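Welcome, and please take a moment to look over the sequence and the fold before reading on. We will go through the pieces one at a time.

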Amino acid sequence: METAVFAKLRRSLTTPRQGALSRLLLTEAGSARHEVDFVLGDPLMGVAHQLIQVSCDMQNEKTRGREISGLVAGMRHLGLDEGWIVTTNEEDELKLEGGVIHIVPAWKWLLD
């Protein structure tokens, strides 16, 4: 599913600079390590526009926690108040202290 999300993102990018696509690896205080699957933005200016995680299934609490905490850490680090998690079937909206996480099924996200 991550490959399908990557392919859609690459097709939708209009200019190389404004639509750069990368991955974010963070280490926070206390050695907590986080990963964000896709970061869209301008790497030369250090600006991110959108963060996207991809997870086939978030029914497992450990997986759910890992995906959400990675996205929250990325949002905090890059100063964003929104993030997306693309899943197989789940749909939800998590309102957190630092912003909102949209959980959307892949079919819906890919058609958007």
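**A walk through the model**

The side chains of E67 and R66 meet in a salt bridge, at 3.8 Å from N to O; the term stands for a side-chain nitrogen of Lys or Arg within 4 Å of a carboxyl oxygen of Asp or Glu. E67 is buried, with a relative accessible area of 8%. Here buried means under 20% relative accessible area, exposed means over 50%, and partly exposed lies in between (1.4 Å probe, protein chains only).

Before going further, a word on the source: this is a predicted model, in which local features need pLDDT of at least 70 and side-chain atom pairs count only at pLDDT 80 or more, while totals for chains, interfaces and linings use all residues. Residues are numbered from 1 along each chain as its sequence is written, and side-chain values use heavy atoms, with hydrogens and water left out.

How many salt bridges does a search of the whole structure find? The search finds five. One of them joins R64 to E90, with the closest N and O atoms 3.4 Å apart. R64 lies in helix α2 (residues 61-78) and E90 in the loop between β4 (82-87) and β5 (92-96), so this pair ties together parts that are 26 residues apart in sequence. Helices (H or I, at least four residues) and strands (E, at least two) are DSSP runs, numbered from the N terminus. R64 is buried at 17% relative accessible area, and E90 is buried at 16%.

R64 also forms a salt bridge with D92, at 3.9 Å from N to O. With R64 in helix α2 and D92 in strand β5, the pair ties together parts 28 residues apart in sequence. D92 is partly exposed, with a relative accessible area of 39%. Through shared partners, salt bridges join R64, E90 and D92 into one network.

Now to the sheet. It is an open sheet of six strands in the order β1-β2-β3-β4-β6-β5, with mixed pairing; two strands pair if DSSP finds at least two bridges between them. β1 and β5 stand at the edges with a single partner strand each, so one side of each is left without a neighbour in the sheet. From one strand to the next, the twist averages 30 degrees. Between β4 and β6 (residues 99-105), which run parallel, there are six bridges. W84 stands opposite H102 in β6.

α1 packs on it, touching β1, β2, β3 and β4, and its direction makes about 20 degrees with that of β2. Contact means heavy atoms within 4.5 Å, and axes are lines fitted to C-alpha atoms, for helices over the stretch in contact, with angles from 0 to 180 degrees between N-to-C directions. α2 lies across β1, β2, β3, β4, β5 and β6, running at about 180 degrees to β3.

Which residues of helix α1 (residues 2-12) are buried? They are V5, K8 and L9. Seen down the axis of α1, they fall within an arc of 100 degrees, so they line one face of the helix; the arc is that of the directions from the helix axis to the C-beta atoms. T3 and R11, on the other side of α1, are exposed.

Finally, find I101 in strand β6. I101 is buried, at 0% relative accessibility. Leaving out residues up to four places away in sequence, I101 touches residues including I68, L71, V72 and M75.
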